[in-house]
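Me: Could you walk me through this model? I'd like to go helix by helix, in plain words.

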Amino acid sequence: MTRALHAVRSYIRSAPGTYLWLAVLLGTTIALHQMPPGHERAFLGSRSTNIHELSVHPVRVLIQSALWIGSGHWVPYAVLFTVFHAQAERWIGTARWLAVAASAHVFASFISEGALLWAIQLGHAPKSAVNTLDVGVSYALAGVIGVLTYRIITPWRYGYLAVILLSTALPLVTARTFTDLGHFTSVLIGLAWYPVTRGRPRINPVRALHAARRYAPGNRRRDTERSGSRSQRSV
């Protein structure tokens, strides 16, 4: 148990930006659940990267919108941050990871809301959409998922790339919402950050899977027993 706790602490320390951000999101999510019924939407609306707020307070809402989870469910994001954000931060460093995440959040917000404004002007969306609710960290997450493509060696990289492109492009084709456009754009922004990954180590997912199986508790115990048996036979 002590060894496991030490491993968890070491992992968290290796990705300080990820877990500091996650801690802030935990605090804001708890605060959101403590708000009176009916107040939550108005509160998030003033921190939303919608057309109205971006035209009036762009810097403020771009920062504040990344500190709240619109769904109010923190645990799924804790898993996603650990799987993707922490891996990227450990791989390319805190500064570069933050640059990828921030650029995806900012540019995808402007591009998706710009497309929504265009739809309003053409009469394809209601004018009330200028105040639509748009908070959360999914654009930054999608950008980081995109840049992680370069952590995988070829040919496995192309399978990962196909999955993330299809999973973001299909909703864009079928539902065609501004958030779907934002997620697809974020992945492309992450892919554009290839230069920051040069010289960084790559992984072979097949070897990583074999290593994980080998060092699983049950397998390690069997390896130890086999090693002990061989030692006894040699004696």
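**Helices and their contacts**

Me: Which residue with a positive phi follows α9?

Reply: That's R176, with phi near 55 degrees. Helices here are DSSP runs of H or I with at least four residues, strands are runs of E with at least two, and both are numbered from the N terminus.

Me: Before we go on, what sort of model is this?

Reply: This is a predicted model, where local features need pLDDT of at least 70 and side-chain atom pairs count only at pLDDT 80 or more, while totals for chains, interfaces and linings use all residues. Residues are numbered from 1 along each chain as its sequence is written, and side-chain values use heavy atoms, with hydrogens and water left out.

Me: OK, big picture. How many helices and strands are there?

Reply: Twelve helices and zero strands. The C-alpha atoms fill a box of roughly 85 × 40 × 30 Å along the principal axes.

Me: And how much of the chain is buried?

Reply: Of the 235 residues, 37% are buried, where buried means under 20% relative accessible area, exposed means over 50%, and partly exposed is in between, using a 1.4 Å probe and protein chains only. As for contacts (heavy atoms within 4.5 Å), 75% of those with a separation of 6 or more join residues 24 or more positions apart.

Me: Which α9 residues are buried, and what covers them?

Reply: R157, Y160, I164 and T168 are buried. Their cover includes α6 (75-92), α8 (138-147) and α10.

Me: How do α9 and α10 cross?

Reply: The axes of α9 (residues 156-174) and α10 (residues 178-192) come within 7 Å and cross at roughly 155 degrees. Those axes are lines fitted to C-alpha atoms over the stretch in contact, and angles run from 0 to 180 degrees between N-to-C directions. The two helices are therefore roughly antiparallel; on that scale, under 35 degrees is roughly parallel, over 145 roughly antiparallel, 65 to 115 roughly perpendicular, and the rest oblique.

Me: Left-handed or right-handed?

Reply: Left-handed, meaning the near helix is turned anticlockwise from the far one by less than a right angle; clockwise would be right-handed.

Me: Which residues meet there?

Reply: From α9 you have L161, I164, L165, T168, A169, P171 and L172, and from α10 D180, L181, H183, F184, V187, L188 and L191. They divide into eleven nonpolar, two polar and one charged. Ala, Val, Leu, Ile, Met, Phe, Trp, Tyr, Cys and Pro count as nonpolar, Asp, Glu, Lys and Arg as charged, and the others, Gly among them, as polar.

Me: And α7, how does it pack on α10?

Reply: At about 145 degrees, with the axes 8 Å apart, in a right-handed crossing. α7 contributes V100, S103, A104, F107, A108, I111, S112, E113, A115 and L116, while α10 brings F178, L181, G182, T185, S186, I189 and G190. That contact has ten nonpolar, six polar and one charged.

Me: I noticed G182 in that list. Is G182 buried or exposed?

Reply: G182 is buried, at 0% relative accessibility. Apart from residues up to four places away in sequence, G182 touches A108, S112 and Y139.

Me: What span should α7 have at 1.5 Å a residue?

Reply: For the 28 residues of α7 (residues 94-121), 40 Å, and its end C-alpha atoms are 40 Å apart, so the two agree. After α7 comes G123, with a positive phi near 85 degrees.

Me: Switching to the other end: how do α2 and α6 cross?

Reply: The axes of α2 (residues 16-33) and α6 come within 8 Å and cross at roughly 155 degrees, which makes the pair roughly antiparallel. This crossing is right-handed. P16, G17, T18, Y19, W21, L22 and L25 of α2 meet Y77, A78, F81, T82, H85, A86 and E89 of α6.

Me: Last one. Where is E53, and what does E53 contact?

Reply: E53 lies in α4 (residues 51-56) and is buried, with a relative accessible area of 11%. Leaving aside neighbours within four places in sequence, E53 contacts G45, S46, S48, P58, R60 and V61.

Key:
Expected span 1.5 Å × (residues − 1).
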